[in-house]
Structure formats: structure tokens, C-alpha cells
Amino acid sequence: MLKIVSFKICPFVQRVTAALAARNIAFEVKYISLKDKPQWFLDISPNGQVPVMITETGTALFESDAIVEYIEDEYGPLELDVTNEQRALDRAWSYLGTKHYLSQCSTMRSKDEQTFVERCGKLHKAFAKVEKQLNSQTQTGKGHKFFKSDTICNVDIAWLPLLHRAHIVKQATGHNLLCCLPKVQQWQQNLLDSGLIEQSVADDFVEKFTDFYLSNTYIADNAPSCSDNCDEMCCDICCEQCCSDDYCVDGCCNEVCCKENCCNEACCKDDCCSEKVKANCCTASTSTKGSCC
């Protein structure tokens with residue numbers, strides 16, 4: 001049986017275990033402390049990091065990217081008949097997710113407001129790129145439960161640790177790292193409903209995660225409903241996405257953004273602005289603009 005050497009709350013490990021669980025491949029997990037790494041682990045991990053996978057032949061594989069590729073090669077892909085171009089795109093979107101694992105970790109560990117807001121803004125930009133991709137799929141009639149279809153793919157696996165941790169943060173503190181991103185939030189919920197997350201972490205994962213990231217940190221002590229730069233982040237999204245009902249109905253967009261960037265002659269249509277936005281922006285000076293008002 002495959003063996004995974006892991007630190008309980010490591011997102012890189014969760015990506016590997018989720019890739020195995022999605023294929024119904026049995027595996028065992030050996031947990032270690034990163035503060036007191038055993039010598040046997042250092043002997044098989046050249047970089048001294050988790051995850052390490054010990055194959056059925058006894059070979060120790062390291063680096064999560066290499067391990068995930070091995071799983072794909074050895075046990076088969078999650079999707080069939082994927083073109084080389086699509087495979088390259090999938091790897092690119094996966095990389096965009098995995099390179100933000102540590103960014104999310106540092107955001108959650110921020111000790112002061114300024115550091116938290118700055119890091120949160122940078123992390124949010126990564127999620128916003130996915131929002132744009134998911135929204136474009138919906139507009140072309142290709143919206144699905146997961147990133148590409150109604151079945152889980154490698155991109156879903158890569159973003160799963162980020163979305164899982166964002167869910168825990170919101171449940172524990174009320175702060176939504178996915179503020180203003182309804183498509184990403186729905187994607188997150190679909191992954192939560194899939195049952196795959198529970199199969200990819202230890203039973204006490206939430207407890208261990210909370211102790212480490214949500215104790216003696218800014219987000220834990222202040223529990224902000226949204227970061228101070230949320231208006232700016234929302235406005236960036238509104239300007240690009242034109243304040244669709246998905247955004248405005250829920251009060252996501254600030255009034256300035258909606259007034260100046262949504263309800264104008266260029267983009268304002270019957271289904272663009274919610275009634276609340278229309279009441280705020282469709283004044284006498286704008287009421288002649290199309291069929292908005």
C-alpha cells in the first residue's frame with residue numbers, strides 16, 4: 001500500500017491525498033512534526049519537506065508536483081481524451097493555485113492589520129482570476145459544478161486546499177477570503193459537497209488547523225467581516241465583470257463602483273443591475289440611458 005509522510009495541516013500534502021482519494025486509491029499516512037523531524041524522514045526527503053510518498057516498490061518520491069504526476073502516470077488520469085493543449089492549460093491553472101498555498105498560509109498567520117490587508121489583497125487577486133474564468137464559462141453556456149465539468153479534474157484538486165482553508169476561516173471567524181467572488185464560492189461549495197475533502201485530511205484537521213492559524217493572529221483576534229481593501233477589490237471585479245446580478249444583488253459592489261462603472265450606456269441592460277442598484281444609479285441624469293431604468 002502507498003504510504004504518505006505528512007504534516008497534518010500541509011496544503012501540499014492535501015493535494016496529494018486528494019488526488020489519491022479521487023481515484024479511490026488506498027493509502028496510509030504517517031504524520032511527523034516539522035519541528036522535530038526524525039532522521040529516517042531526513043534520509044528519504046532530500047529537501048526535508050513533506051509530502052513524501054513511498055511507493056509499493058519502496059521508492060520514496062518527493063515534491064508534490066512530481067508525486068501528482070506519478071499518480072497520474074501510474075494509476076491513470078481523472079479525465080480521458082485530454083488534448084496536449086488542454087493538459088498544458090490544466091497544469092497552468094493548477095500551478096496558479098499551488099503557488100498560492102504559502103501565500104494563503106502567511107495571510108492567515110498575519111499578526112497585524114496592515115500585513116493582513118496587504119497579503120489578503122494579493123491572495124484575492126489569484127481567486128479573482130479564477131472568478132473571471134468561471135464567469136466566462138457561464139456566459140458561453142459552459143458553466144459546471146467544478147472547474148471544467150461536472151466531474152472533478154486536476155485543477156479542482158490543486159485548488160481544493162485553498163478553498164477548504166477559506167471555508168474553515170469563514171466558519172471560525174466570519175471573514176470571507178472569497179469576498180465578492182460568487183462563482184468561486186459556488187465552486188467551493190460543490191467541492192465541499194463532493195465528500196472528497198474529508199477523505200484528504202485527518203479527522204482532527206480542523207482542530208489542528210484552528211490551533212495553528214486561528215490563534216494569536218490578526219484574523220482570529222479581530223474577526224473582520226471583510227478586509228479593509230474589500231471595496232477596492234470589489235470595484236476591480238465590478239469594473240471588469242460589469243456588476244452582474246451575481247454581484248450587485250448580494251450587495252457585493254460598493255455604490256461608487258456600481259454607479260460609475262455598471263449602470264452606464266456601454267453596459268447597462270435590463271438584467272445588468274439589481275433593483276437596489278437601479279434605485280441608486282438611475283437618476284434623472286441617467287434615466288435616458290438604454291433600458292436600465
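Modeller: Before we start, a polar contact here is a pair of N or O atoms within 3.5 Å. Keep in mind that this is a predicted model.

Biologist: Happy to! What makes the approach of the serine 110 side chain to the backbone oxygen of serine 106 a polar contact?

Modeller: The side chain of serine 110 reaches that backbone oxygen at 3.1 Å, and the cut-off is 3.5 Å, so the pair qualifies. The side chain of serine 110 also reaches the backbone oxygen of threonine 107, at 2.9 Å.

Biologist: Where does serine 110 lie, and why is serine 110 called buried?

Modeller: Serine 110 sits in the loop between α5 (101-108) and α6 (113-139). Its relative accessibility is 1%; buried means under 20%, so serine 110 counts as buried. Beyond its neighbours within four places in sequence, serine 110 is in contact with Thr115, Phe116, Arg119, Thr217 and Tyr218.

Biologist: Nice. Now to the helices: why are α1 and α7 called oblique to each other?

Modeller: The axes of α1 (residues 11-22) and α7 (residues 154-173) come within 8 Å and cross at roughly 120°. Roughly perpendicular covers 65 to 115 degrees and roughly antiparallel starts over 145, so the pair is oblique. The crossing of α1 past α7 is right-handed.

Biologist: Which residues of α1 and α7 meet there?

Modeller: From α1 come Pro11, Gln14, Arg15, Ala18, Ala19 and Ala22, and from α7 come Ile157, Ala158, Leu160, Pro161, His164 and Arg165. By class, this contact has eight nonpolar, two polar and two charged residues.

Conventions
Residues are numbered from 1 along each chain as its sequence is written. This is a predicted model: local features need pLDDT of at least 70, side-chain atom pairs count only at pLDDT 80 or more; totals for chains, interfaces and linings use all residues. Side-chain values use heavy atoms; hydrogens and water are left out. Axes are lines fitted to C-alpha atoms, for helices over the stretch in contact, and angles run from 0 to 180 degrees between N-to-C directions. Helices (H or I, at least four residues) and strands (E, at least two) are DSSP runs, numbered from the N terminus. Angles under 35 degrees count as roughly parallel, over 145 as roughly antiparallel, 65 to 115 as roughly perpendicular and the rest as oblique. A crossing is left-handed if the near helix is turned anticlockwise from the far one by less than a right angle, and right-handed if clockwise. Contact means heavy atoms within 4.5 Å. Ala, Val, Leu, Ile, Met, Phe, Trp, Tyr, Cys and Pro count as nonpolar, Asp, Glu, Lys and Arg as charged, and the others, Gly among them, as polar. Buried means under 20% relative accessible area, exposed over 50%, partly exposed in between (1.4 Å probe, protein chains only). A polar contact is a pair of N or O atoms within 3.5 Å; within protein, one must be able to donate a hydrogen and the other to accept it, and residues adjacent in sequence count only if both atoms are side-chain atoms.
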